[in-house]
Amino acid sequence: MKFEDVKLETKQYSLYYGDFQALRNVDIQIPRNAITAIIGPSGCGKSTFLRTFNRMNDLISGVRVDGEVTIDNNSVFRMDPVELRYCVGMVFQRPNPFPKSIFDNVAYGPRSQGVRDRAELAEIVERSLRGAVVWDEVKDELNKSALALSGGQQQRLCIARALAVEPDVILMDEPASALDPVATLKIEELIQQLKKEYTIIIVTHNMQQAARASDYTAFFMMAEDRAGYLVEHGRTDQIFTNPQEEITERYITGRFG
Ligand code: ADP
């Protein structure tokens with residue numbers, strides 16, 4: 001699928017872990033200020049694909065890539081990875097707050113960017129926690145350990161931590177899979193709000209979540225040699241009601257995977 005306002009793009013992108021090819025020739029455009037869901041069976045390369053955009057795969061030894069990956073038409077491979085990761089934030093499957101106070105978790109990124117002024121930090125912390133819809137629950141206990149929060153609150157705190165460095169893109173790797181249904185719905189509502197200002201990619205193995213929470217869906221599969229490839233990409237309603245490929249239909253109706 002092609003878009004007028006493209007935020008992220010890959011062209012003939014492949015990734016290898018040593019001799020094993022995990023992704024093959026992925027061509028995709030990710031539109032700005034929308035939610036794109038990545039779905040597909042376990043092992044088809046969804047997380048690997050997500051980590052492409054902030055170059056987290058660089059941290060794994062033996063990884064080699066081919067092809068182009070761009071953000072706003074600039075190659076991510078020519079950017080400083082630290083700068084790139086300020087632009088492209090990430091939220092993981094299990095909430096992973098630092099063993100620090102709520103305040104210090106959110107202030108961590110801005111501090112590492114050189115913000116020292118306490119009032120400025122306080123303002124950033126409040127704005128980020130509000131943006132992640134967790135401010136009202138924690139505003140009176142900012143000095144409390146983040147580890148004392150519930151799982152759902154911790155995940156929204158981690159989203160606040162990502163927002164604090166003012167990214168353009170937020171990558172989410174199954175952000176609700178460790179949460180109960182109520183906390184999951186809160187995260188999904190939050191993601192809907194965030195798309196006004198951010199480009200969001202969310203990996204999920206939960207079909208209902210992809211159908212409910214995303215604007216566009218990309219379906220990945222594995223080839224016979226287990227390399228992941230993009231089968232199809234389109235509006236979420238179209239993928240779920242009128243997929244172009246039979247294999248997509250089989251997957252979304254639960255007939256394999
Ligand atoms: P998914 O998120 O769709 O479950 P992954 O991206 O986690 O898939 O994995 C894709 C493939 O790459 C799998 O075959 C997995 O075993 C392999 N893989 C993932 N991480 C590594 C790694 N660090 N080293 C070697 N192989 C890996």
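Reader: Hi! Before we look at cysteines, what counts as a disulfide here?
Author: Hello! A disulfide is a pair of cysteine sulfur atoms within 2.5 Å. Keep in mind that this is a predicted model.

Reader: Good to know. How many disulfides does that rule give?
Author: The count comes to zero disulfides.

Reader: And Cys158, buried or exposed?
Author: Cys158 counts as buried, at 5% relative accessibility. Cys87, on the other hand, is partly exposed, with a relative accessible area of 23%.

Reader: Thanks! Switching to the ligand: how many residues surround the ligand, and which are the closest?
Author: The ligand is surrounded by 13 residues, and the closest are Gly43, Gly45, Lys46, Ser47 and Thr48.

Reader: What kinds of residues make up that shell?
Author: Six are nonpolar, five are polar and two are charged.

Reader: Which side chains put a polar atom by a ligand oxygen?
Author: Thr48 has a side-chain N or O atom 2.5 Å from an oxygen atom of the ligand. For Lys46, a polar side-chain atom lies 2.9 Å from a ligand oxygen. Arg226 also has a polar side-chain atom 3.4 Å from an oxygen of the ligand.

Reader: Nice. How much of the ligand's accessible area does the protein cover?
Author: On its own the ligand has 560 Å² of accessible area, and the protein covers 65% of that.

Reader: Which elements give two or more residues to the shell?
Author: Those are β2 (20–31) and α1 (46–52). The most comes from α1, which gives three residues.

Reader: Let's move on to charges. How many salt bridges are there?
Author: The count comes to 16 salt bridges. In general, side chains of opposite charge can pair when their charged atoms come close.

Reader: Which residue does Asp58 pair with?
Author: Asp58 forms a salt bridge with Arg55, and their closest N and O atoms are 2.8 Å apart. Arg55 is buried, with a relative accessible area of 11%, while Asp58 is partly exposed at 40%.

Reader: What about Lys139?
Author: Lys139 forms a salt bridge with Asp136, with the closest N and O atoms 3.8 Å apart. Asp136 counts as exposed at 59% relative accessibility, and Lys139 as partly exposed at 37%.

Reader: Last one: which residues are joined into one network by shared partners?
Author: Salt bridges with shared partners link Asp5, Lys7, Arg32, Asp72 and Asp168 into one network.

Methods:
Residues are numbered from 1 along each chain as its sequence is written. This is a predicted model: local features need pLDDT of at least 70, side-chain atom pairs count only at pLDDT 80 or more; totals for chains, interfaces and linings use all residues. Side-chain values use heavy atoms; hydrogens and water are left out. A residue is near a molecule or strand if one of its heavy atoms lies within 4 Å of it. A polar contact is a pair of N or O atoms within 3.5 Å; within protein, one must be able to donate a hydrogen and the other to accept it, and residues adjacent in sequence count only if both atoms are side-chain atoms. Accessible areas come from the Shrake-Rupley method with a 1.4 Å probe; for residues, only the protein chains shown count as cover. Helices (H or I, at least four residues) and strands (E, at least two) are DSSP runs, numbered from the N terminus. Ala, Val, Leu, Ile, Met, Phe, Trp, Tyr, Cys and Pro count as nonpolar, Asp, Glu, Lys and Arg as charged, and the others, Gly among them, as polar. Buried means under 20% relative accessible area, exposed over 50%, partly exposed in between (1.4 Å probe, protein chains only). A salt bridge is a side-chain nitrogen of Lys or Arg within 4 Å of a carboxyl oxygen of Asp or Glu.
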